[in-house]
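Please walk through this protein chain from its overall division into domains down to individual strands, helices and residues.

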Amino acid sequence: MNIIYDIIVVGGGHAGCEAAVAAAKRGANTLLFVIKLETIGRMSCNPAVGGLAKGHLAREIDALGGVIGQCIDKTGIHFRMLNKSKGPAVWAPRAQADRMNYQLEMRSIVEHQNNLEIKEALVEELLIKNGEVKGVKTQYQQKYFSKIVILAPGTFLRGKIHIGLKKYSSGRAGEFSSEKLSKSLQKNGINLSRFKTGTPPRLDSRTLDFSKLEEQFPDKPPVKFSFYTNIKPKNSVSCFLTSTNSKTHKIISKNLKKSSLFSGNITGIGARYCPSIEDKIKKFPEKEQHQIFLEPEGLNTFEIYANGIPTSFSPKIQHKIVQSISGLEKAKIMRYGYAIEYDCVPTEQILISLEAKKIKGLFLAGQINGTSGYEEAAAQGIIAGINATNKLLKKSPIILGRDNSYIGVLIDDIVTKGVDEPYRMFTARAEYRLHLRQDNADERLMPRGYELGLISKKRYDKFCDALKIKKREIKKLKSETANSKGKKSHKMIEVLRRPEINFDDLKKFGYKIKNDISDSLKEKIALEIKYEGYIKRQLREIEKFNYLETKEIPPDLDYMNFNSISYEAREKLSKIKPISIGQASRIPGVTYADISALLIKLKSIYG
């Protein structure tokens with residue numbers, strides 16, 4: 001007897017885990033397919049969560065009820081807040097993970113989730129009927145039926161690994177690639193592209209000369225990712241810094257043709273913002289050095305991740321490169337770096353809900369949509385899980401805006417602007433980044449997570465209590481006067497606006513701080529008060545932005561009949577099918593004149 005699932009998720013990486021857990025939490029009978037059970041939640045590349053803009057994404061996923069934040073809080077070994085010397089809009093939490101513990105913790109989360117079944121099998125075919133997904137077929141020729149399928153295959157679609165001039169099929173080092181699923185997508189009208197990414201060598205820490213390395217200490221106390229939990233993260237290790245030099249660059253330049261990247265073996269498009277070391281040397285010959293972060297892979301291993309030198313050179317040349325670097329002269333390589341090519345889907349073929357346009361009930365999340373990075377994948381995963389369950393419930397999809405989240409910026413960017421190279425999130429991509437800070441992700445998104453059933457009442461009550469404390473303190477700051485010692489008196493809020501004053505400094509001015517206000521809440525209040533004028537200005541900009549975002553466009557509009565709009569714009573609008581005037585205005589090739597003409601046309605049709 002065939003079991004019909006509500007949702008099938010293909011892939012147990014960061015996107016697949018978030019999608020499966022979100023769907024199951026919302027009551028959907030969910031089946032998660034993985035090629036190997038041991039690889040659920042595996043960190044394929046660097047052993048870390050967060051970083052510039054990525055830390056914002058991780059906190060937003062957590063605020064919606066995702067699992068990445070709690071997983072890293074439990075398994076992190078080195079926590080830091082990046083960019084503290086700059087403005088708060090670009091502060092970003094980052095944590096090194098114990099790679100193996102992170103993987104085990106994520107697997108435990110997935111296995112303990114109600115309504116979620118896990119199966120080890122390779123999905124080779126989508127079952128499609130009349131343009132609608134009906135399930136999947138595995139390599140064992142078994143069919144599994146469902147109303148919705150979420151594809152989150154990472155780099156496994158026709159994955160091909162390159163080391164030097166050698167290449168072989170693999171979805172990740174030592175794992176099968178998925179060869180037939182790509183053909184199934186193409187058979188059903190989905191066009192594919194080829195992208196490329198890479199990873200650096202891993203070193204044996206016992207062979208490093210730490211006296212030549214710069215130690216990078218974690219923050220004390222460690223900064224959590226997950227809001228309103230009882231998890232207490234711990235710092236256990238330092239990271240270390242070194243850099244390439246002229247000797248390194250000579251080795252690379254001399255051997256460029258022996259790199260798979262420059263030999264002609266790789267046809268996929270690589271990431272501009274995370275290039276291989278050979279690509280850096282080729283493109284930036286004027287740079288005398290490139291920084292390398294040496295990151296421990298865990299507490300029970302000597303393996304070190306050499307962040308900064310991803311490469312596809314042969315093992316022999318990788319040894320020469322590594323041992324040319326200060327502190328690494330006697331370093332032994334435990335794993336070699338490699339490049340990997342894989343199939344992805346050009347994003348004009350998906351809706352902003354992450355559902356495929358040509359196949360109803362098929363959702364795509366993660367690297368299949370042309371993104372790179374765990375956090376970008378996890379963000380799409382939770383949205384795909386939410387919108388898949390909304391489709392089951394016959395509800396409209398959840399569309400997060402550029403004005404309320406980095407997740408909204410990410411999805412709008414890849415769908416509206418398209419992806420012609422692996423997409424990576426940066427704070428610079430967000431127009432309203434002072435409003436979209438990492439510290440206020442809870443206020444922006446936790447009510448939505450609770451409404452969707454992804455945040456427990458106990459946790460939401462803690463959030464509401466924190467909001468009450470915040471309002472109480474701001475009211476108190478506005479009303480109380482600081483001890484002036486004979487000088488002109490000032491309200492406490494004016495004192496806190498001074499750049500050199502933090503919340504605890506207010507005690508010197510007679511302010512009584514209650515025990516129920518956390519350190520994170522103190523910092524949040526101080527930031528909002530110090531930057532109040534800038535934040536208000538940004539909120540006014542958001543109001544103007546929302547005027548266009550709320551002007552909806554019917555999904556079946558035939559743009560080709562609108563002769564007042566340029567032909568290029570009509571083609572682009574027909575392809576993307578924007579849901580609002582705001583989204584239409586961000587499509588490359590659509591001009592201000594086209595938008596004005598579209599507004600006039602819509603008014604003439606719909607009033």
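**From domains to residues**

The C-alpha centres of domain 2 and domain 4 are 46 Å apart. The domain assignment, whose bounds come from an automatic or database source, divides the protein chain into domain 1 (4-195 + 342-451), domain 2 (202-341), domain 3 (480-539) and domain 4 (550-606). The model is a predicted one, in which local features need pLDDT of at least 70 and side-chain atom pairs count only at pLDDT 80 or more, while totals for chains, interfaces and linings use all residues. Residues are numbered from 1 along each chain as its sequence is written, and side-chain values use heavy atoms, with hydrogens and water left out.

Helices (H or I, at least four residues) and strands (E, at least two) are DSSP runs numbered from the N terminus, and two strands pair if DSSP finds at least two bridges between them. On that basis, three strands form an open sheet in the order β3-β5-β4, paired antiparallel. Because β3 (48-50) and β4 (76-82) stand at the edges with a single partner strand each, one side of each is left without a neighbour in the sheet. From one strand to the next the twist averages 15°, where angles run from 0 to 180 degrees between N-to-C directions and axes are lines fitted to C-alpha atoms, for helices over the stretch in contact. Three bridges join β3 to the antiparallel strand β5 (residues 92-97), and Ala 48 stands opposite Gln 96 in β5.

Another open sheet has four strands in the order β11-β10-β19-β12, with antiparallel pairing. Its edge strands, β11 (166-169) and β12 (193-199), each pair on one side only, and neighbouring strands are turned by 25° against each other on average, direction ignored. Within this sheet, β10 (residues 160-163) and β19 (residues 338-344) pair in the antiparallel sense over three bridges, with Ile 340 in β19 as the bridge partner of Ile 161.

Turning to the helices, α12 (residues 441-451) and α13 (residues 457-479) pack at an angle of about 145°, their axes lying 11 Å apart. Their contact (heavy atoms within 4.5 Å) involves residues including Met 446 and Tyr 450 of α12 and Phe 463 and Leu 467 of α13.

Finally, Glu 494 is located in helix α14 (residues 492-496). Its relative accessibility of 39% makes Glu 494 partly exposed, that is, between buried (under 20% relative accessible area) and exposed (over 50%), with a 1.4 Å probe and protein chains only. The C-alpha atoms of Glu 494 and Leu 165 are separated by 65 Å, the two residues being 329 residues apart along the chain.
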